[in-house]
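This briefing covers one protein chain, topic by topic. The sequence and structure come first, and the notes follow.

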Amino acid sequence: MAKSDVFISYSHRDARFKDELLAHLRALENQGVAKFWDTSEIPAGADWSTEIKKAINDAEVAILLVSPDFLASEFLMNEELPALLKRAEERNTLILPILVRNTAWFTIAPELAQFQFLNDVRKPLAASSRHGRERQLASIAQHLTELLTAQIRRAETEKQVTEAVPVTPSKTPSKGKPLVFLSHSKLDGDFAELAKFKFAEVGFEAWIDNDRLEPGVDWRQEIDDSIQKSIALIAIMSPEARESEYVTYEWSFAWGAKKHVIPVMLRETPLHPRLAALQYLDFTNRRARPWSRLFEAIQRRNDG
């Protein structure tokens with residue numbers, strides 16, 4: 001199995017939090033899942049700027065330890081962060097922020113709002129007791145393991161497809177493969193990617209807009225057609241999804257088209273009264289997510 005290169009961006013004033021995080025993540029290196037890099041890896045006498053640029057260029061995943069000092073750092077904000085955002089846009093590097101200490105990041109760096117934080121932004125690491133922080137870091141490590149494993153599997157699958165006979169990508173699901181529509185906010189995109197791969201493992205194809213909607217297409221017609229072809233719509237709910245007009249449109253259209261709608265509570269939020277009438281699956285606990293119940297519900301729908 002290939003491993004993912006993970007770049008850790010942080011202020012040196014937050015080094016202790018970086019070290020605590022790495023203590024939970026080193027097992028992933030031992031398992032060959034990831035290789036973590038931070039500025040402590042720079043050899044003595046090396047050009048540190050060159051080493052950082054090389055590490056960013058190699059990174060498939062970037063973890064950002066967000067704090068007042070992170071946002072106050074000219075180098076981090078003017079060099080590292082723009083380079084990582086460019087890498088994310090051009091080469092799909094996965095950006096995963098962690099809120100270390102309370103700060104108005106959404107005002108200073110609103111571009112971070114497009115990424116899902118690995119911890120609850122209402123509970124920064126520094127605000128927890130040592131014991132509470134250990135629980136948070138263990139949960140982060142578990143979530144990161146799932147994401148990295150899914151990313152590696154995707155890379156291996158893409159490599160196998162590339163090495164096989166080239167085919168023209170199709171917007172229609174594979175023949176005989178039931179289609180499931182995943183409705184989510186942009187902030188919850190990494191979870192949608194994870195769900196997509198988990199559905200693939202049990203024989204379903206999942207539709208998410210970030211890998212199907214191409215420039216120039218009628219996005220609403222494309223979404224409508226995909227929902228019509230789906231056996232069910234999974235409404236991935238979070239505070240951002242609750243406020244998203246796109247998510248609301250998608251599950252409302254599915255409801256009107258008499259498609260099976262299954263709410264999945266990713267992060268606590270009040271549900272729309274119509275969705276509240278449906279039984280949702282609680283995915284807020286990363287260690288005990290009921291994937292099997294979700295797959296069983298979809299399979300029953302497919303069999304019926």
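**Salt bridges**

At 23% relative accessibility, D69 is partly exposed, a class that lies between buried (under 20% relative accessible area) and exposed (over 50%), computed with a 1.4 Å probe on protein chains only. The model is predicted, so local features need pLDDT of at least 70 and side-chain atom pairs count only at pLDDT 80 or more, while totals for chains, interfaces and linings use all residues. Residues are numbered from 1 along each chain as its sequence is written, and side-chain values use heavy atoms, with hydrogens and water left out.

- D69 forms a salt bridge with R101, at 2.4 Å from N to O; the term stands for a side-chain nitrogen of Lys or Arg within 4 Å of a carboxyl oxygen of Asp or Glu.
- D69 belongs to helix α3 (residues 68-72) and R101 to the loop between β4 (94-99) and α5 (105-108), so the bridge ties together parts that are 32 residues apart in sequence.
- Helices (H or I, at least four residues) and strands (E, at least two) are DSSP runs, numbered from the N terminus.
- R101 is also partly exposed, at 24% relative accessibility.
- R133 and E20 are joined by a salt bridge of 2.7 Å, N to O.
- This pair links distant parts of the chain, 113 residues apart, with R133 in helix α6 (residues 130-163) and E20 in helix α1 (residues 15-30).
- Both R133 and E20 are buried.
- A network of salt bridges links R16, E20, R130, R133 and E134.
- K18 and D19 form another salt bridge, their closest N and O atoms being 2.9 Å apart.
- K18 is buried at a relative accessible area of 5%, whereas D19 is partly exposed at 42%.
- The count of salt bridges comes to 15.

**Nonpolar cores**

- The largest nonpolar core has 51 residues, of which F36, I63, L182, F199, I234 and L294 touch the most other members.
- Helix α6 gives the most to this core, with eight residues.
- Such a core is a set of buried Ala, Val, Leu, Ile, Met, Phe, Trp, Tyr and Cys residues joined through side-chain atoms within 4.5 Å.
- Beyond its neighbours within four places in sequence, F199 is in contact with V180, L182, F204, A206, I234, L294, F295 and I298, contact meaning heavy atoms within 4.5 Å.
- Another core lies apart from the largest one and has 25 residues, including A55, M77, I95 and W105.

- L281 is found in strand β9 (residues 281-282) and is buried, with a relative accessible area of 7%.
- Leaving aside neighbours within four places in sequence, L281 is in contact with I262, P263, V264, M265, P290, R293 and L294.
- S226 lies in helix α8 (residues 219-229) and is buried at 5% relative accessible area.
- A polar atom of the S226 side chain lies 3.0 Å from the backbone oxygen of E222.
- This is a polar contact, a pair of N or O atoms within 3.5 Å; within protein, one must be able to donate a hydrogen and the other to accept it, and residues adjacent in sequence count only if both atoms are side-chain atoms.
- With neighbours within four places in sequence left aside, S226 is in contact with L179, F181 and W207.

**Helix α2**

- Helix α2 (residues 48-58) has I52, A55 and I56 as buried residues.
- Seen down the helix axis, the buried residues of α2 fall within an arc of 100°, so they line one face; the arc is that of the directions from the axis to the C-beta atoms.
- The buried residues of α2 pack against β1 (4-9), β2 (34-37) and α4 (74-91).
- K53 and K54 are exposed, on the face of α2 turned away from its buried side.
- At the N-terminal end, D47 caps α2 through a side-chain oxygen 3.1 Å from the backbone nitrogen of S49.

**Helix α10**

- Helix α10 (residues 245-256) has 12 residues and spans 16 Å from its first C-alpha to its last, close to the 16 Å expected at 1.5 Å a residue.
- The expected span is 1.5 Å times one less than the number of residues.
- V247, Y249, E250, W251 and A254 are the buried residues of α10.
- S244 caps the N-terminal end of α10, with a side-chain oxygen 3.3 Å from the backbone nitrogen of Y246.
- K258 follows α10 and has a positive phi, near 60°.
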